[in-house]
Amino acid sequence: RQARRSFITVRRVVIIAAVAVLAVFVTLSVREIRDLKKDAAGAKTELALKQEQKENLEAELANIKDPEYIEKQARERLRMVKPGETIYIYEASTSPEEANDSEAKKE
């Protein structure tokens with residue numbers, strides 16, 4: 001009878017250990033799945049941003065031979081002017097309105 005009790009006790013210990021190991025593996029798997037879903041959501045967001053950038057670049061590429069677009073880019077990026085035009089550059093801390101106000105105060 002005592003041998004049978006020790007067998008039942010060993011059996012219980014083995015079952016409890018197996019359940020504990022199984023619980024650890026399930027917990028780790030659930031955590032890994034959660035992390036993968038989080039990474040997938042981040043990748044989807046990044047993909048959407050990259051697709052938007054691609055569309056913007058494709059639109060810019062479509063306009064690259066348009067004379068008006070070329071002129072606009074030359075004026076904005078390179079600060080080029082046509083012959084006879086005058087460009088005015090204001091200090092970074094002074095807007096055109098502030099410059100007009102300060103000149104009016106001087107007079």
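This is a predicted model: local features need pLDDT of at least 70, side-chain atom pairs count only at pLDDT 80 or more; totals for chains, interfaces and linings use all residues.
Mentor: Residues are numbered from 1 along each chain as its sequence is written, and side-chain values use heavy atoms, with hydrogens and water left out.

Trainee: Which element of the chain has the lowest mean pLDDT?

Mentor: Start with the chain as a whole: its mean pLDDT (the predictor's confidence in each residue, from 0 to 100) is 84, and 79% of its residues reach 70 or more. Among the elements, helix 1 has the highest mean, 91, and the lowest, 57, belongs to helix 3.

Trainee: And what order do the elements run in, from the N terminus on?

Mentor: The secondary structure comes to three helices and zero strands. These are DSSP runs numbered from the N terminus, with helices being H or I of at least four residues and strands E of at least two. From the N terminus on, the order is α-α-α.

Trainee: How much of the chain counts as buried?

Mentor: Buried means under 20% relative accessible area, exposed means over 50%, and partly exposed is in between (1.4 Å probe, protein chains only). Of the 107 residues, the buried share is 4%.

Trainee: Which residues of helix 2 are buried, and on the same side or on opposite sides?

Mentor: The buried ones are Tyr 69, Gln 73 and Ala 74. They cover an arc of only 135° around the axis, so they end up on one side of helix 2; the arc is taken over the directions from the helix axis to the C-beta atoms. The face turned away from that buried side carries the exposed residues Pro 67 and Glu 68.

Trainee: Which side chain does Gln 73 join in a polar contact?

Mentor: Gln 73 is found in helix 2 and, at 16% relative accessibility, counts as buried. A polar contact is a pair of N or O atoms within 3.5 Å; within protein, one must be able to donate a hydrogen and the other to accept it, and residues adjacent in sequence count only if both atoms are side-chain atoms. At 2.8 Å, the partner side chain is that of Arg 77.

Trainee: Which residue does Arg 77 meet in a salt bridge?

Mentor: A salt bridge here is a side-chain nitrogen of Lys or Arg within 4 Å of a carboxyl oxygen of Asp or Glu, and by this rule the count comes to six. Arg 77 is exposed at 59% relative accessibility, and its N to O distance in the salt bridge is 3.7 Å. The partner of Arg 77 is Glu 60. The pair links distant parts of the chain, 17 residues apart, with Arg 77 in helix 2 and, in helix 1, Glu 60.

Trainee: How far apart are the closest N and O atoms of Glu 58 and Lys 54?

Mentor: Glu 58 and Lys 54 are four residues apart in helix 1 (residues 2–63), so about one helical turn separates them. An α-helix has 3.6 residues a turn, so residues three or four places apart point the same way. Glu 58 is partly exposed, with a relative accessible area of 44%. The closest N and O atoms of this salt bridge are apart by 3.8 Å.

Trainee: Which residues join Glu 71 in one network of salt bridges?

Mentor: Glu 71 forms a salt bridge with Lys 82, the closest N and O atoms being 3.5 Å apart. That pair links distant parts of the chain, eleven residues apart: Glu 71 in helix 2, Lys 82 in the loop between helix 2 and helix 3. Through shared partners, the network joins Glu 71 with Arg 75, Lys 82 and Glu 85.

Trainee: What value does phi take at Arg 79?

Mentor: Arg 79 sits in the loop between helix 2 (67–77) and helix 3 (96–106), and it is exposed, with a relative accessible area of 54%. Its phi is positive in a residue other than glycine, near 55°.
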